Amino acid sequence: MTTPEAPTTTPPGGPTRILIADDQEDVRSGFRLILGSQPDMTVAGEAADGLTAVDLARTLRPDLVLADIRMPGVDGLEVTRRLAGPGVPDPMRVLVVTTFDHDDYVRTALRDGACGFLLKRSGPGLLVEGVRAAMAGDMLISPQITVRLLQNLAPAAVPAPVAPPSPSPLTAREQEIARLVAEGLTNAEKLYITAGTAKTHIANIQAKLRVRNRVGIAAWSWENGLAGPVPRE
């Protein structure tokens, strides 16, 4: 997966300063290459364990901390709680990027202030998108996780309709794309269109539905019956 096209200018305050916290050197190196290639991002520091991550974050005051979950010392969930959790006087942005997608990890991270939860296998494009979403005050969750969370919530959250549904604000093509987003597909995957066209469609869908990200598109699709349960493995 290729990284998305970068903006032509950096933010007024300079590039986003990022601290990478992961116990695997090759992962840190990969993240450093991906993020360092973006003109609006720079790597301010690295940590191989949770305690060092917390200390460096408090010393360097980066704009964003990328935190793995399983690290020596304290894990990424505790790092998130200490840097962004309830009661922290000066909370920081923490984006969890991990191999482990257990529901309890997701809930704990988001409860304790994480500004997103991404799986490492989601690829560099989503990593860059997640950083930009966090800096914009948004939250990005890997599509695979979104699908599962919505599956668990759908039976209780979506009551049986008691009246004919309102006309959809989306075109037929946009409804198709919204359904695919709800099923966990990313941008141009299985849409047979260019990445740029997919981004345009998704931006139009977000505007029409008045949602901020793909999580909102997925929720709308479930609530309106466009997406059904995905078979479990």
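## Exercises on a predicted model

Q175 counts as partly exposed, because its relative accessibility is 24% (buried means under 20% relative accessible area, exposed over 50%, partly exposed in between, with a 1.4 Å probe and protein chains only). This is a predicted model, where local features need pLDDT of at least 70, side-chain atom pairs count only at pLDDT 80 or more, and totals for chains, interfaces and linings use all residues. Residues are numbered from 1 along each chain as its sequence is written, and side-chain values use heavy atoms, leaving out hydrogens and water.

### Exercise 1
Find out where Q175 sits and which residues it is in contact with, leaving aside neighbours within four places in sequence.

**Solution.** Start with the helix: Q175 belongs to α7, residues 172-182 (helices are DSSP runs of H or I, at least four residues, and strands are runs of E, at least two, numbered from the N terminus). Next, look for contacts, meaning heavy atoms within 4.5 Å. Leaving aside neighbours within four places in sequence, Q175 is in contact with S168, L170 and L226. Finally, check I205: it is 30 residues from Q175 in sequence, and the C-alpha to C-alpha separation is 8.6 Å.

### Exercise 2
Work out the order of the strands in the open sheet, and which strands stand at its edges.

**Solution.** Trace the six strands in turn: the order is β2-β1-β3-β4-β5-β6, with parallel pairing (two strands pair if DSSP finds at least two bridges between them). β2 (41-47) and β6 (140-141) are the edges; each has a single partner strand, so one side of each lacks a neighbour in the sheet.

Now look at two pairs. β1 (residues 16-21) is joined to β2 by six bridges in the parallel sense, and A21 has A47 in β2 as its bridge partner. β4 (residues 94-98) runs parallel to β5 with three bridges, and V97 stands opposite L118 in β5.

Last, turn to the faces of β5 (residues 116-119): G116 and L118 on one side are buried, as are F117 and L119 on the other.

### Exercise 3
Describe how helix α2 packs with helix α3.

**Solution.** First take the geometry: α2 (residues 50-60) and α3 (residues 76-84) pack at about 20 degrees, with axes 9 Å apart. That makes the two helices roughly parallel (angles under 35 degrees count as such).

Then list the residues: G50, L51, V54, A57 and R58 in α2 meet V79, R82 and L83 in α3. Sorted by type, the residues of this contact are five nonpolar, one polar and two charged.

Technical notes. Axes are lines fitted to C-alpha atoms, for helices over the stretch in contact, and angles run from 0 to 180 degrees between N-to-C directions. Angles under 35 degrees count as roughly parallel, over 145 as roughly antiparallel, 65 to 115 as roughly perpendicular and the rest as oblique. Ala, Val, Leu, Ile, Met, Phe, Trp, Tyr, Cys and Pro count as nonpolar, Asp, Glu, Lys and Arg as charged, and the others, Gly among them, as polar.
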